[in-house]
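Please read the following explanation with the sequence and the model side by side.

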Amino acid sequence: MTNRLIGYQAGEGFIYQLSGASKMIFFVLVSIACMATYDPRFIAVVGVLSVYLFYLAGIHWRDISFVVKIVAAIALFNILMVYLFSPSYGQELYGAKTVLLKGWGRFYLTSQELFYLGNLLLKYFSTVPLAILFLMTTHPSQFAASLNQIGLPYRFAYSVSLTLRYIPDIQEEFYMIRMSQEARGLELSKKTGLLTRIRGNLQIVIPLIFSSLERIDTVSTAMELRRFGQHKKRTWYTAKPFSKADYLTILLALIILAGSFGLIYVNQGRFYNPWS
């Protein structure tokens, strides 16, 4: 069960030694770069970089397979909805029409539409791995201290820290409730139908919401009793100054962002058009 959880996992290597703030800045800037352009060459390079960073961090497929499958299902559903609502958007966008598959009525598949949908899919698998990598290699306390170092209020930084801490806790509680329901005879495995599993998992969400609200109330009460937020500043046990590697990481993110805007200028727009 543990390998299904996405949260901080202690490790060694270059990425674990970076400041949480520099990793956050890298993730935000690279995500903006991928969202700004629809050039598949650039997005694919960022995707390869994301996979390589997973290799450097020593994160295995079994550690992220569950979340990746969920993201893949959401991405494919989004691609399907985009096509159903606008099956001819690709040809309007690229100014060409190459029919690959004739359908019924306004539903047909062109090379241009397939190219556009492929770009959307690439965006998911270039940015989502970076988010997962950030969550799994950044200790919540160290990240909160880094946010405060770059000028954000410590109250906001602490709230982010609590959020990162509770992500694996909530996931673990979800699976505990699920196993309890299965022990009582509620079948939620692959042996049953998809709709039955969906209804069964929805029954888990309600007790999970109530337990989360109770946990929030407990934490907020404890923080008030300890007079949290009374002073304008606070010290951090896990504060870490920026190193040369952190500055180089931020510089790399800026180069990637500049490359994205440069391609927008070269392509005379956000979209790379191979048919022009």
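A residue is called buried when its relative accessible area is under 20%, exposed when it is over 50%, and partly exposed in between, using a 1.4 Å probe and counting protein chains only. The model is a predicted one, in which local features need pLDDT of at least 70 and side-chain atom pairs count only at pLDDT 80 or more, whereas totals for chains, interfaces and linings use all residues. Residues are numbered from 1 along each chain as its sequence is written, and side-chain values use heavy atoms, with hydrogens and water left out.

We begin with a pair of charged residues. A salt bridge is defined as a side-chain nitrogen of Lys or Arg within 4 Å of a carboxyl oxygen of Asp or Glu. A search of the whole structure finds one such bridge. R41 forms a salt bridge with D39, and their closest N and O atoms are 2.7 Å apart. Side chains of opposite charge can pair in this way when their charged atoms come close. R41 counts as partly exposed because its relative accessibility is 46%, whereas D39, at 0%, is buried.

Next come the helices and strands, which are DSSP runs numbered from the N terminus (helices: H or I, at least four residues; strands: E, at least two). Helix α2 covers residues 20–36, 17 residues in total, and spans 24 Å from its first C-alpha to its last. This is close to the 24 Å expected at 1.5 Å a residue, where the expected span is 1.5 Å times one less than the number of residues. Among the buried residues of α2 are G20, F26, L29, V30 and C34. The buried residues of α2 pack against α1 (14–17), α3 (40–57), α6 (111–137), α7 (140–149) and α10 (244–266).

Two of these neighbours deserve attention. In α7, eight of the 10 residues are buried, and the helix is mostly covered; P140, F143 and L147 are among the buried residues. Just after α7, G151 takes a positive phi of about 110°. In helix α6 lies L117, which is buried because its relative accessible area is 9%. Leaving aside residues up to four places away in sequence, L117 touches I79, V82 and Y83, where contact means heavy atoms within 4.5 Å.

How many of the six residues of strand β1 are buried? The number is zero, so β1 (residues 99–104) lies largely in the open. Three bridges join β1 to strand β2 (residues 107–110), and the two run antiparallel; strands count as paired if DSSP finds at least two bridges between them. L101 stands opposite L109 in β2. The two strands form a hairpin with two residues between them, and G105 in the turn has a positive phi of about 65°.

F210 counts as exposed because its relative accessibility is 58%. It belongs to a nonpolar surface patch of about 900 Å², made by L195, I198, L202, V205, I206, I209, F210, L213 and I216. Patches are made of residues with over 30% relative accessible area and no salt bridge, with like charges joined within 9 Å and nonpolar side chains (Val, Leu, Ile, Met, Phe, Trp, Tyr) within 5 Å. The accessible areas come from the Shrake-Rupley method with a 1.4 Å probe, and for residues only the protein chains shown count as cover.
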